[in-house]
Amino acid sequence: MNATIGPKAAKPRKRASLERREAAQGFMFVLPWIIGFIAFTGGPLLFSLYTSFTNYDFTSKMDFVGLDNYKYMFTQDPLFWVSLKNTLFYVVLMVPLTTLASVTLASLLNQKVPGMRAFRTVYYLPSVLSGVGVYMLWMELLSPDSGIVNVVLGWFGITGPGWLFDPNWTKPAIVFMKMWSVGGGMLMYLAALQGVPEQLYEAAEIDGASPLRRFWHITVPMISPVIFFEVVTTLISGFQIFQEGYVMAADPGTPGSPLNSLMFYNLHMFLKAFQAFQMATPQRWPGSCSQSSSSLRSSTCGYRNIGSTTKEGTDDERCGDSPPGQLFPEPAPARNGQENGRVPCALRRRAAVCGPVLVDDLDLAQIDGRDYAVSAVVFPEAVALP
Amino acid sequence: MQYPPSFFPKQWRFHNYVETWTSVDFTRYTLNTLFISCVGVCAHVLSNSFVAYGFAKIRFPGRSALFTIVLSTMIIPGFVTLIPQYILFSKLHWVGTYLPLTVPGFFGNAFQIFLLRQFYLGIPNDLIEAAKIDGASHFLIWRRIMIPLAQPAIVTIAIMTFTGAWNDFLGSIIYLNNEEHYTLQIALQAFKVSSGLNQWHYLMAGSVIVLVPVVALFFIFQRYFIEGMNISAGTKG
């Protein structure tokens, strides 16, 4: 180093330039996130805010309309309050229950018992599983007649509810399923519990505190920051519930069924934006789906029309089209499980709606045209299997 | 079907799996999903470990303010930005490709940045000082010191990303509209819609096929997983 030779004034300047270089490198490291924030979070947020005051429909117009959208949402949209209520109901039920369950589970798994590692693994495993596969397993478990949950309840002389087929029980059913996957929160609590000093418990034990008191007066205060973090993240994720309402609907073709009891806020938003005409391109309208290059769109056309069934409609009546202007079908009557396997009807419905799709009830592989319903063509043989 | 169903089947039908697999182009959907998941893992590991290093170990003005913004973005529900993002990607003509599902991964994820930063904070600064004296740049320090030492946390975020991408339903159903590009999750949902609710044996076989890779991955890496999730460990350092 030539700092000893050089004049004293050079030292601060050199440090300043070093600091500047360091700062520049720091910015370089966080730059990807800054770009991502502007492009995928901050920008879209501002765009959302601005568009909420316009009549934007994704294609051409974007005129300022003031508070009209909000007025429509609060006063006219039939499903806004329903979906909000459903979501709130679910969150209010789910957050305390899962928090309680994961804290309890974590304290139980914090005991020093041989084989605890295996237990931890077993309880954690469900939280990495999610998606359609798990929902389908749970639909089977919660099946009103043959599901294992109701069978077990039957052993104790309890007639189990209809779960996903009873509008009053759909949300509790989903909360019940969520209780199964509390492992993620449990792991956070477990890590926090292991950081609680052992002496505190020993001291309390000497003073004669019961296990419950020790838990309440030592464990809970010591892990409260993690509880706070977990409650906040669970709340956020709870308000974002979407997929359960889409996949676990009693009628596979009507998201949110039965009776819109699983119509959550985000599901409502998704359907409005991506399947109804608000913020959708014209080719997604039922009449013109054959021009669309997307098979998914055709299938969603099908979805839109499935709900518009009459209460006592025959199979063919159920296949009828609903007027394009109808955003959301009237709530479909709750049905039992046996009636739901009407695939040919669903296909015929889609064929009727989505253009050149020839569907034979017996031989579903004979579907013609490029623009077919997703389920019809992706899985032709699956439907026709013996 | 027997009623009520017995717990132990009288007869095992492994053929259900074969029939399910062949009835649908499961091979293609598996490869598609695998592709998205693997690109996602690479993207997230690279970007988040990079950004987290900047937040954990380099001093620069505005660092704590920026990090506060990172944390606050965790609170923003993804659904708020869903529609504008869709519009953005459709203007870029990315809808119908894998780009909307993979590219954002290269720009960091708040929770994973947070997780990795906590882990990095527990790594002693002496190592970085020593490397600096030897003339290493921050980039070299990140690549040669931080990544190897933060292995448990990196494996954790890799698995989180993989399972997240593997189980992703919303993104796939919005952005993929070509049947050839479908992922397992859409395929399974479509399978369910198409076969109704009385083909349970095939539906369950399909579910198991979709779930098995995640379970396998979990058992292979679970040692890292439980270690890396410990966010409070890093704060002690």
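Modeller: Quick definition first: helices (H or I, at least four residues) and strands (E, at least two) are DSSP runs, numbered from the N terminus. This is a predicted model, where local features need pLDDT of at least 70, side-chain atom pairs count only at pLDDT 80 or more, and totals for chains, interfaces and linings use all residues. Residues are numbered from 1 along each chain as its sequence is written, chains are lettered from A and ligands numbered from 1 in the order in which they are written, and side-chain values use heavy atoms, leaving out hydrogens and water.

Colleague: What pattern does chain B follow along the sequence?

Modeller: Chain B has zero strands and 13 helices. Reading along, then, you get α-α-α-α-α-α-α-α-α-α-α-α-α.

Colleague: Which residues of helix α1 of chain B are buried?

Modeller: Buried means under 20% relative accessible area with a 1.4 Å probe, protein chains only. Helix α1 covers residues 15-23 of chain B. Its buried residues are B:Asn16, B:Glu19, B:Thr20 and B:Ser23.

Colleague: Where around α1(B) do they sit?

Modeller: Take the directions from the helix axis to the C-beta atoms. They cover an arc of only 100° around the axis, which puts them on the same side of α1(B).

Colleague: How are α2(B) and α8(B) oriented to each other?

Modeller: Axes are lines fitted to C-alpha atoms, for helices over the stretch in contact (heavy atoms within 4.5 Å), and angles run from 0 to 180 degrees between N-to-C directions. Helix α2 (residues 26-57) and helix α8 (residues 138-149) of chain B pack at about 110°, axes 11 Å apart. Angles of 65 to 115 degrees count as roughly perpendicular, so α2(B) and α8(B) are roughly perpendicular.

Key
Parallel < 35°, antiparallel > 145°, perpendicular 65-115°, else oblique. Buried < 20%, exposed > 50% of the residue type's maximum accessible area, 1.4 Å probe, protein only.
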